[in-house]
Amino acid sequence: MMKLSKKIAVALALGLFVQNQAQNYLRYTVGNAHSHNDYLQGIPFWQAYYENFGSIEADVFLVKGKLCVAHTEKELLPDRTLENLYLDPISRQIKINKGNIYSDPNKKLQLLIDIKQDYKTSLSALVSTLKKYSEITGCPGIKIVITGGRPQPGDFKNYPNYLFFDGDSDTNYTTDQLKRIGLFSADFQDLVKWNGKGIPRDEETEKIRSVVEKVHAQKRPIRFYGAPDFTNAWVNLMDLDVDYINTDHISDLKKFINAIPKNFYKNSRAYEVYKPTYKTDKASKKVKNIILLIPDGTSLPQYYAAFTANKGNLNVFNMKSTGMSKTNSSNAYITDSAPGSTAFAAGVKTKNTFVGVDDTGKALAQIPDIIAAKGMVSGLISTGDVTDATPADFYAHSDNRNNSESILKDFVNSKTKILIGGPTNGLSGKNIQMIKDAKIGFCQDLKSASTISGRKLVIDPLASQGIRNGRENWLAEAFDLTLNDLKENKKGFFMMVEASQTDGGGHHNNLEQLITELLDFDHVVGKAMRFADENKETLVIVVGDHETGGLTLLDGSLKEGWVLGNFSTNDHTSIPSSVFAYGPNSQKFTGLFENTEIFNKILEAYGIRR
């Protein structure tokens, strides 16, 4: 019974710990980074200092009255002294920064000096040396901590007050002795055998946590030496509330920690997803309507990040027909959006930056024009520029996606009925006159468009605002407006909806932007699925044109709705895009296929042969 109770207590403690994980990541800065064996770096002291590390370690040997820095006695060199490598640079920076170690007076530096020989003679030499550096010993932003060989706690008082000592968690210190403890260190490998991959076993986690909590109860920081030193290990050590992260990889740890604020997101507004009926899902029959939803720059990692943030719910994940789309363009392993969506719109792989043309520049027939011959209508929506690559791929023909003026001119001449999105440089006076001459209803906000019949062009500045910056329900309202218009056409319709700013989240390596934009998009996915169930002749397809950012997910909580990710690039990657489909013929969108097959499968679902 005692053993069972203990297990229950451990489980409850771990449960509480998991809930607090989300808060841990956000408290870490490079001030929590410790440059282990710093003297082995290519540029001792300076590399860690310029990365604003909070702690730097040097091993010292006393040689002929001088404290020399090295890992072993065999590596000792006369010019590599504690003074040359550390004390002189520290002194110089304090003088430059007018009494502070860093230019920011709130930033501190811990110099951990590991005594490798007899501590009495070494400490005596250190104290004698430091008499020349009153600017260091008197600097409130510097803490000198002695580790390795060090005096018994009862002898701490025999040393100057500017010296602190490394603590042992198994030692009971008096109140006065504890005042001289700068931090606690522990040998990680003596404590547990975890290699840094995956997560520690429960009993190992409990051992680490018990040491951390014991040290924190004494209001002191802790570090573990000998701990695994790579991304997953750092994540777990942060989970466990370890104060100093030991590393030999200064640049990598600095980059990882500095990116945490952009790589972490906790959702505060989870929503209920639509519950599909599946009554016409996978039915083998022609459809009248197709809704193509494109979350720019997304694949499975992005979807799963949003799924986690919404506490294990996502409309798109309720689609049972899933596949993968190969995204390469005709001239590159990694596509951009222009050929990415041209493949959907026209069924041809073309060159990067090419819009609605093949790789020779010849104009291609796109879905809106093809279905217009059958009496069907089409509408395009984007949370970006109305002439940007993805919407333009469905109505324009250009060998340069940046030719906004000629691209918008192509809309006037296309068969697309409705185009809604954000501002464009292509809205020249000449194009405005062409729009009027073509009797296209032109609005500069979404609400005004509800009173226009016939063809519509809506260029609304709100469309290009991020969901975090006031766009609110704009995308859902644009979807409703367009759907209510198009569904009146008895012969059917095609609608394309692009969430363009999911791509921006990847380019900016900003997980919050990515997730909030994708969750906003997912609301529209739910609306489309609801319409498909009600209409019974509508196929809904969700597919990204490419992946952006090389996102990986390092940690998260489906219960609490938070995610920690990491990006490998600020550009597109070759990762295939996830495909989801719902409604009649959705089963045709499974497996791995070329992105051009989206076009072919759409025409097949309409019953159009070419």
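1. In this predicted model, the largest nonpolar core holds 74 residues, and the members that touch the most others are Leu82, Tyr86 and Phe224. In soluble globular proteins, nonpolar side chains tend to be found buried together.

2. Leaving aside residues up to four places away in sequence, Leu82 touches Ala58, Val60, Leu67, Val69, Leu87, Ile113 and Leu126.

3. Helix α4 runs over residues 119–130, which makes 12 residues. From first C-alpha to last, α4 reaches 16 Å, close to the 16 Å expected at 1.5 Å a residue.

4. Next come two pairs of helices. Two packed helices are described by the angle between their axes and the distance between the axes. Helix α11 (residues 300–309) packs with helix α20 (residues 511–535) at an angle of about 80°, and their axes are 9 Å apart. Angles of 65 to 115 degrees count as roughly perpendicular, and α11 and α20 are therefore roughly perpendicular to each other.

5. Which residues make the contact between α11 and α20? On α11 they are Gln302, Tyr303, Ala305, Ala306 and Ala309, and on α20 they are Leu514, Ile515, Leu518 and Leu519. By class, eight of the residues in this contact are nonpolar, one is polar and none is charged.

6. The second pair is helix α15 (residues 404–413) and helix α16 (residues 429–437), whose axes come within 10 Å and cross at roughly 5°. Angles under 35 degrees count as roughly parallel, so α15 and α16 are roughly parallel to each other.

7. Helix α15 contributes Glu405, Leu408, Lys409 and Val412 to the contact, and α16 contributes Asn431, Met434 and Ile435. Four residues of the contact of α15 with α16 are nonpolar, one is polar and two are charged.

8. Some figures for the whole chain complete the note. The secondary structure comes to 21 helices and 24 strands. The C-alpha trace spans about 95 × 65 × 40 Å along its principal axes. Of the 610 residues, 57% count as buried. Among contacts between residues at least 6 apart in sequence, 70% join residues at least 24 apart.

Technical notes
Residues are numbered from 1 along each chain as its sequence is written. Side-chain values use heavy atoms; hydrogens and water are left out. Helices (H or I, at least four residues) and strands (E, at least two) are DSSP runs, numbered from the N terminus. The expected span of a helix is 1.5 Å times one less than its number of residues. Axes are lines fitted to C-alpha atoms, for helices over the stretch in contact, and angles run from 0 to 180 degrees between N-to-C directions. Angles under 35 degrees count as roughly parallel, over 145 as roughly antiparallel, 65 to 115 as roughly perpendicular and the rest as oblique. Contact means heavy atoms within 4.5 Å. Ala, Val, Leu, Ile, Met, Phe, Trp, Tyr, Cys and Pro count as nonpolar, Asp, Glu, Lys and Arg as charged, and the others, Gly among them, as polar. A nonpolar core is a set of buried Ala, Val, Leu, Ile, Met, Phe, Trp, Tyr and Cys residues joined through side-chain atoms within 4.5 Å. Buried means under 20% relative accessible area, exposed over 50%, partly exposed in between (1.4 Å probe, protein chains only).
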